[in-house]
Each structure stands twice: as structure tokens, then as C-alpha cells.
Amino acid sequence: MHASDINSVCTYCGVGCDITAQVEDNKIVKIYAQNDGYVSQGKLCIKGAQGYDFVHSDNRIRNARVKKTFIKENLEDLPRELKARAKTLKEFDEEYFETPYEFTTSLAAWKLMQIKDKYGRHSFCGMGGARTSCESSYMFQKFVRTAMDSPHVDNCARVCHSPSLKGMRTTIGEGAATNPYDDIYKTENIIVMGSNTTEAHPIVANRIIKATRSKTATLTVIDVRKIQLSKFGEQLIIPYEANLLVLNMMAYVILNEKLYNNQFIDTRCVGFEEYKDSILNDPYANPEFMKKVKGYEDLAEQIPEVARAYATKKSMFFWGLGITEHLDGSYAVMAITHLAMLTGNIGKTGAGLMPLRGQNNVQGACDTGCLPYYDPDYKEPKEIGLMTPQLVDEMINGKIKALYVMGEDIAHIHPNQNKIHKALANLEVIISNELFMNEVTKKADIVFGVKSAYEKTGVYVNAMRRLHLSQPLVETDLPDDWEVLRDIENKINGEFVYEDSEAVWNEAKEAVGTRFSGATYHKLSKNRNRGMQWPIKKDDTPILHTEEFRTEDGKGKFAYQQYKIREQVKKLVNNEEFAKNEFYLTTGRTIVHYNNAAQTIQSDTLNSRYDGDIVLASIEDKDRIGSEHIIMRTQYGETAIMPVKYVKTIKTGTLFTTFHHASSKVNFIFGDEADELIMTARFKSIRVEVEPV
């Protein structure tokens with residue numbers, strides 16, 4: 001029996017833990033973290049430690065597939081050689097043929113060229129890239145932009161942290177975490193807002209809990225419901241839609257009480273006086289306003305306390321999708337950066353801004369250019385493309401005809417699913433690279449089974465800018481994502497000449513030159529367990545903005561936005577009655593599942609612990625709801641029948657649910673309301689009607 005221990009990086013969230021796999025006879029039998037692992041610190045969450053059996057699942061797509069209806073509809077138009085081969089295809093199941101890889105790449109290339117010739121280059125779009133390596137995300141945007149000559153490339157940052165990128169780049173010039181996670185041990189004060197960190201980023205939560213237990217740091221949790229992390233510090237429970245309101249109030253206290261850092265502001269920031277006047281004259285910024293918000297009056301006293309601690313201590317600010325997935329997500333992120341600029345809590349050890357990014361390589365996908373308005377390295381592209389919600393509209397309008405989707409389940413995880421399903425039905429071809437048949441892959445005409453993260457070599461960038469070079473834990477003859485793209489392009493233009501992933505990386509690291517230029521495979525492999533934080537030249541850069549911000553003039557810019565009163569806050573202030581069946585809903589993760597559960601649902605160990613989504617409601621609302629099962633409904637659609645659990649951690653009139661299982665249809669109830677700058681959907685605050693079942 002051949003057994004070995006292989007070091008790599010976890011395939012799940014943006015924490016990017018170092019892992020070691022015990023492998024016997026080409027099968028993973030155990031995954032653990034080394035005690036000296038820099039990110040993991042010897043501990044993994046349940047997904048990292050036990051969620052690896054998806055690799056060996058019988059449900060893996062281990063071939064290429066083409067829909068029978070697609071062959072039938074295109075048979076007459078096919079070139080002679082493809083037509084002859086199409087007539088000899090082997091049946092896979094009722095819907096699909098199993099198709100030879102060479103034939104399938106030829107078919108994909110032919111169809112994409114046919115569509116481009118007939119409808120023009122703007123009729124094609126690509127979505128994905130955050131679930132695969134930097135090599136593949138770089139190749140994906142290059143395929144869209146050069147092979148297809150289309151500007152329309154996007155990734156799942158659109159539904160998560162695009163507002164963090166927008167807000168941080170607007171104010172400090174760089175949309176990434178400023179410090180390493182270990183600075184949690186060097187700070188005096190931690191604020192966590194809009195992040196259920198123990199569930200979504202547990203290995204970061206471990207550090208926060210350790211720091212509070214050892215009394216080196218105080219902790220404040222700001223959220224719409226009580227979460228586990230709040231046991232270790234103070235918690236402010238705020239109304240739905242109130243993030244920007246609360247953040248501007250913190251700034252008001254710091255300005256009004258003159259707790260700001262004059263020297264830092266004078267030497268490193270611009271626009272302060274105008275910002276100061278705006279805040280101090282804003283009726284919504286004075287914490288006294290909270291006394292008008294029924295049920296939340298205590299915040300008038302609590303918010304100033306949090307602001308004072310933040311301003312007078314060395315502080316770190318962590319946030320998640322509870323900040324970004326709102327109408328004013330980008331503005332809330334700007335408000336967070338304002339607090340750091342006001343107090344000088346940035347650019348030094350133990351003080352900084354920490355967006356907790358979701359996917360294992362969403363930072364890397366954005367760095368390598370999988371966004372419609374950025375080329376690799378956040379350079380301006382020759383042509384700006386459309387964002388995902390705009391692309392969906394163009395599909396419905398008949399202008400987008402072809403979609404290439406790589407590791408992103410748009411038919412489950414995006415909002416307004418009735419609309420998205422209608423849009424996808426309007427396409428002439430969908431091509432999907434995937435591990436399993438999920439909601440979007442089931443709609444795909446051409447499917448490529450590809451390597452998982454545990455079967456390939458590649459670079460992943462975690463939520464603190466740390467590059468890790470993964471290596472295969474097990475061997476497979478499946479292609480990597482970048483190989484599929486190369487092989488299709490070679491039948492279009494023949495310009496993608498790459499022998500291996502290192503050849504792709506060498507091009508990508510130069511394209512992302514200001515961040516990746518010194519990050520050779522050799523250097524990354526020497527630092528495999530530690531990783532390296534970009535920008536990497538000779539050495540890496542643990543802390544950003546130490547001397548100046550990454551703006552054109554090196555200065556931080558205040559960009560004030562007034563809070564707009566709406567929804568729950570407006571109703572509470574105006575003392576309006578809530579209908580019996582009217583509730584405000586937010587969404588989030590549970591620790592055993594990851595996003596659309598593409599991998600975790602295929603792990604019996606994980607899925608058996610949480611095999612369906614659950615709604616949490618206040619125990620005070622039990623009689624009002626009057627059932628153990630409900631349907632939630634909006635003008636856009638309705639959920640499936642979902643179980644309700646009544647708890648003490650939710651405020652009356654509000655609900656929480658997970659969204660991991662497509663069968664619950666949670667994302668059918670969200671509409672097109674989104675962040676007004678960057679179109680990230682409003683997943684964290686929606687008014688729903690509840691129907692007891």
C-alpha cells in the first residue's frame with residue numbers, strides 16, 4: 001500500500017488554510033493542519049477537516065457531455081467532420097451524450113464562432129473564476145477578452161464583496177485586507193460587523209476568541225441578530241438596513257468629541273473638513289436619532305461607547321456580507337474606511353481593515369481580471385463590459401446568446417431566480433466547467449468535467465492577499481479549467497500555447513505585475529505552508545498603506561454619503577403598524593455548508609448534519625406565525641415549504657435563513673434591488689410575507 005502526506009491549501013472559504021492530506025492508493029483518507037501552519041495554526045473547520053469525500057464521489061462529472069437536444073438542433077449546420085462524429089455518440093443518460101473530449105472542444109469552438117459571426121462579439125459572456133486557481137481565472141478572462149473579443153466577464157464577487165472593492169478603492173485605493181490575521185493578537189480592540197465569523201470564517205474566529213479570552217483585545221459584534229461570537233464581547237443588535245446609519249453615527253461621535261487623529265488626517269488624507277461638516281450637520285448621524293427607533297433605543301448610548309473604544313485603542317475592523325449585500329453596501333464600506341482614516345487605525349501592526357472574503361480564490365479572480373471593468377492588476381480595460389445583472393437583462397432581450405460558466409452556479413446562488421431561469425432559457429448555448437451537475441450545469445448544453453482543487457497545481461489568493469501554491473493530493477486524467485479553455489481557443493485562434501500551469505502562471509504574474517511579479521512557483525513552493533502576501537517582489541508585504549495609500553496621490557479620500565431612511569427603520573421611526581404576516585429576512589451560512597453546497601452536499605459527513613435549509617424566527621413571534629413550516633413570498637417569487645425554528649437570538653419581526661440547498665428556492669424571493677454603485681444584490685434585508693403551512 002502506497003501512503004504519503006501531501007501539503008496543499010483548503011478548497012473552501014477565503015481564509016485559505018494550509019492543509020496536509022494523508023493519501024493511500026490515490027485516495028484521500030484524512031486531512032489535517034500542521035501545528036506550525038501559518039493560517040490554520042493547527043486547526044481546521046469541519047469543512048476543511050472532513051469535507052474532502054466529494055473528490056471521490058460517484059456523482060463527479062468524469063467526462064464531457066453534450067445535450068441530445070443540442071446535437072439535434074445543430075446537426076444540419078455542423079461541419080462535415082463534426083456531423084459524422086455526432087452520429088456515433090454514446091448515450092450517457094436520457095438528456096446527455098457522453099462525448100469524447102477532443103470532439104467536445106471542437107464542438108464548443110464551432111458553436112461559439114457561429115454565434116459570434118451571426119450576432120457579433122458582444123453576444124458572448126463569461127461568468128466564474130473564484131472557485132478555481134489564479135491560472136484558470138486569468139485564462140478565463142483572457143479567453144473572453146481575446147478568443148471571443150467580448151468585454152463581458154464577471155465572477156461571483158458580484159454577489160458578495162464587489163462593494164468592498166468599490167468602497168475601499170474609492171477611499172484608500174486598494175480593495176483588499178490590509179493586515180495579516182495574526183495581527184488579531186496584536187490589536188487592542190476588534191469590531192466585527194455583518195459577519196457570522198464562527199460559521200463563515202471559523203479559523204479567523206478562533207483567533208478573535210483567543211485574543212478576547214487572553215484579554216489582549218476587547219470585542220464588539222454589530223449585527224441584526226445575536227450570534228455565537230457575541231459571547232466573547234459586547235453585541236449591538238441593530239435594525240435591518242441600518243449599517244450606514246450606525247457607521248456614520250460612530251464617525252459623528254469621533255468628530256464631535258474630537259477623538260480623531262489630527263496628525264494622520266493632515267499628512268495622509270484629503271477632504272476632511274468637508275466630510276466633518278457633512279457628518280456634524282447630518283440629522284441621521286447623531287446617535288440621539290436612535291431614541292426614535294422603537295425597540296432599538298439603547299443604541300443611542302451603545303454606539304458612542306463603541307466609537308470611543310475604536311478611536312482611543314489600536315483597532316481592527318472586520319466585516320462580511322452583512323455589510324456588502326445591501327442597497328448602500330459600497331457606501332457602508334466607505335464609511336468603515338473613514339473610521340480608520342479618522343483615527344489612524346490603518347497602515348500599522350494591529351490596526352486595519354479586514355473584509356472577510358468568501359470563495360477560496362475570489363481575491364485572486366479579481367486580481368487576475370475576472371471583472372467587466374478591470375483588466376488584470378486592476379488596470380482599465382480597452383472596453384468595459386456589463387455586470388452580471390445587466391448580462392441577465394441582455395439575455396432576456398435576446399442580445400446575449402452564449403454563456404460560458406466556470407464553477408459558478410448562477411441558477412442557484414444569484415437573486416431573482418425566476419428571471420434568471422427565463423434568461424438562461426433564452427440562450428443558444430451554455431458551456432459549463434464543473435465538478436457536479438448542479439442547477440446551472442443541468443441547463444448547460446456542453447459540460448466539461450474538470451479537476452477539483454485537490455487534483456491540480458495552482459495559486460490561490462486568500463482573503464488577506466496571501467498567495468498559496470496548491471499541489472495535487474490525488475491524480476486524475478480530468479483536464480484543469482485552464483486546459484479546457486486552451487484547447488477550445490486553439491480551435492479558434494491557436495494563440496494559447498501553454499504546456500503546464502506554471503507557464504500560465506508566469507504570464508499571469510507579469511500581467512498582475514504590481515502585486516504578483518516576484519511570486520515564482522519556486523518561491524511559493526518554498527513558502528507553501530506560510531504563503532506570501534501581495535504585493536510580492538523580492539519579499540512579500542504583510543501590511544498595506546504603511547507610508548501612503550494606494551491612490552494616485554497617496555492620500556486617503558473622504559467620500560461622504562448620507563444615510564437614506566427606509567424599510568424597517570422608517571416604519572419603526574414613524575410608528576407604522578407591521579402586517580401580521582410581514583417580516584424582515586436576512587440570510588447567511590451554516591458552518592457545515594459552503595455557499596451553493598456544490599461540494600459539501602456531496603459529502604455525507606457534512607450534509608447529514610444539515611440536509612435542508614431552516615428559517616430562524618423569534619420565539620416571541622411563534623403565535624403570530626402559528627406554524628412549524630412556512631412559505632416566504634415577495635413580488636418576485638416564493639420559497640419552497642421550509643421548517644421554522646423559534647429562537648431567542650432573533651428580534652421580533654425578523655427572520656434568518658440559510659440558502660445552501662437549491663430545493664429551498666430561497667433566492668427566488670430576491671429581486672433586482674442592489675447596491676447602487678456596483679449591483680451586488682440586496683440579500684441581507686428584504687421584506688417578506690410569511691404564509692404558515
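Predicted model: local features only at pLDDT ≥ 70, side-chain atom pairs only at ≥ 80, totals over all residues.
Local features require pLDDT of at least 70, side-chain atom pairs count only at pLDDT 80 or more, and totals for chains, interfaces and linings use all residues. Residues are numbered from 1 along each chain as its sequence is written, and side-chain values use heavy atoms, without hydrogens and water.

Helix α11 spans residues 272-280. Helices (H or I, at least four residues) and strands (E, at least two) are DSSP runs, numbered from the N terminus. F272, Y275, K276 and I279 are the buried residues of α11. They lie on the same side of the helix because they cover an arc of only 100 degrees around the axis, taken from the directions from the helix axis to the C-beta atoms. E273 and E274 are exposed on the other side. Buried means under 20% relative accessible area and exposed over 50%, with partly exposed in between (1.4 Å probe, protein chains only). The buried residues of α11 pack against α9 (243-256), α10 (262-268), β12 (269-270) and α14 (329-343), with contact meaning heavy atoms within 4.5 Å.

The whole structure holds three cavities of 30 Å³ or more. A cavity is a set of points on a 1 Å grid over the protein atoms alone where a 1.4 Å probe fits but cannot get out; lining residues have an atom within 4 Å of a point. Points are joined across faces, edges and corners, and volume is the space filled by probe spheres set on them. The largest cavity has a volume of about 560 Å³. Its lining comprises 36 residues, with L321, G322, T587, G588 and K684 nearest the centre. The second largest cavity holds about 360 Å³.

Note on methods:
1 Å grid on protein atoms, 1.4 Å probe; cavity = no way out; pocket = protein on both sides within 12 Å on 5 of 7 lines; lining within 4 Å.
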